[in-house]
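Hi,

Here is the structure I promised to pass on. Have a look first, and my notes follow below.

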Amino acid sequence: MNRRILLLGGVTEALAIARRLGPEHVYSLAGIGRIPQDLACQVRVGGYGGAEGLAAYLREAGIDLLIDATHPYAAQISHNAAQAARNAGIPCWALHRPAWQAQPGDDWREVADWAELIEALSAFERPLFTLGREPLQHLDEIPAHQFWTLRALEACPGNARCEVIGARGPFNLADERALFERRRIDVLVSKNSGSSATEPKLEVARARGVPVLILKRPVLPAVDRVFDQVGELLAALGF
């Protein structure tokens with residue numbers, strides 16, 4: 001493919017695509033997490049200033065194809081990408097990782113937003129949050145009967161009723177089981193990311209009979225082509 005590609009990263013699978021890109025292409029990251037150092041393509045870190053800023057970059061950099069491989073919950077970035085591609089007059093493709101599906105024995109309870117989540121959480125005492133950094137904004141709202149365990153990419157201060165663990169996947173079943181036991185977790189709070197790297201926590205919750213509060217996936221914008229497997233996208237690129 002002779003078109004110049006801008007790949008918006010975010011999910012693990014994006015790196016597999018980036019590793020196939022040559023030096024004329026650009027792999028774009030928001031700046032959260034580790035920055036790969038062994039890629040042949042260019043790596044850009046940071047934002048663009050919304051859809052208008054991204055469209056301007058697409059035109060200035062001579063990008064011919066935008067690929068959105070951001071996290072399924074990064075809805076604003078995905079909407080900006082779709083709009084920017086339209087403004088720049090280029091196609092936008094997206095990699096949408098399939099969602100997890102409940103299995104026999106699961107007790108999943110979908111919630112639409114933070115308010116619904118807190119209401120559903122009220123009956124529990126020791127939740128494990130795996131939502132990233134969002135719960136950090138609510139540390140002063142923790143009910144007296146609860147102790148929160150938060151897992152994020154980087155450790156950071158909690159408070160008397162919350163501990164923040166810094167950890168990066170992939171996670172294995174034995175370690176997840178030990179975490180649930182040690183922290184006496186009675187409810188898991190998760191996004192439905194669909195990632196195999198973080199799926200073991202769901203297996204532990206199922207085995208222990210622990211309910212899972214699932215934050216509903218956002219609606220993503222329509223784009224020119226959607227793929228749910230890296231191999232299919234690479235084949236469409238001719239790699």
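Which residue is the bridge partner of Pro127 in E10? That would be Val187. Before the rest, some ground rules: this is a predicted model, with local features needing pLDDT of at least 70, side-chain atom pairs counting only at pLDDT 80 or more, and totals for chains, interfaces and linings using all residues. Residues are numbered from 1 along each chain as its sequence is written, and side-chain values use heavy atoms, leaving out hydrogens and water.

Strands (E, at least two residues) and helices (H or I, at least four) are DSSP runs numbered from the N terminus, and two strands pair if DSSP finds at least two bridges between them. Strand E10 covers residues 187–191, and four of its five residues are buried (under 20% relative accessible area, 1.4 Å probe, protein chains only; exposed is over 50%, partly exposed in between).

On one side, E10 pairs with E7 (residues 127–130) in the parallel sense over four bridges, with Phe129 opposite Val189. E10 is also joined to E11 (residues 212–215), again parallel and by four bridges, and there Lys191 stands opposite Leu215. The chain gets from E10 to E11 through helix H6 (residues 200–208) in a right-handed β-α-β crossover (with the strands pointing away from the viewer, the path from the first strand over the helix to the second runs clockwise).

E7 also pairs with E8, parallel, over two bridges, where Phe129 has Leu150 as its partner. Thr149 sits in E8 (residues 148–152) and counts as buried because its relative accessibility is 0%.

Cheers
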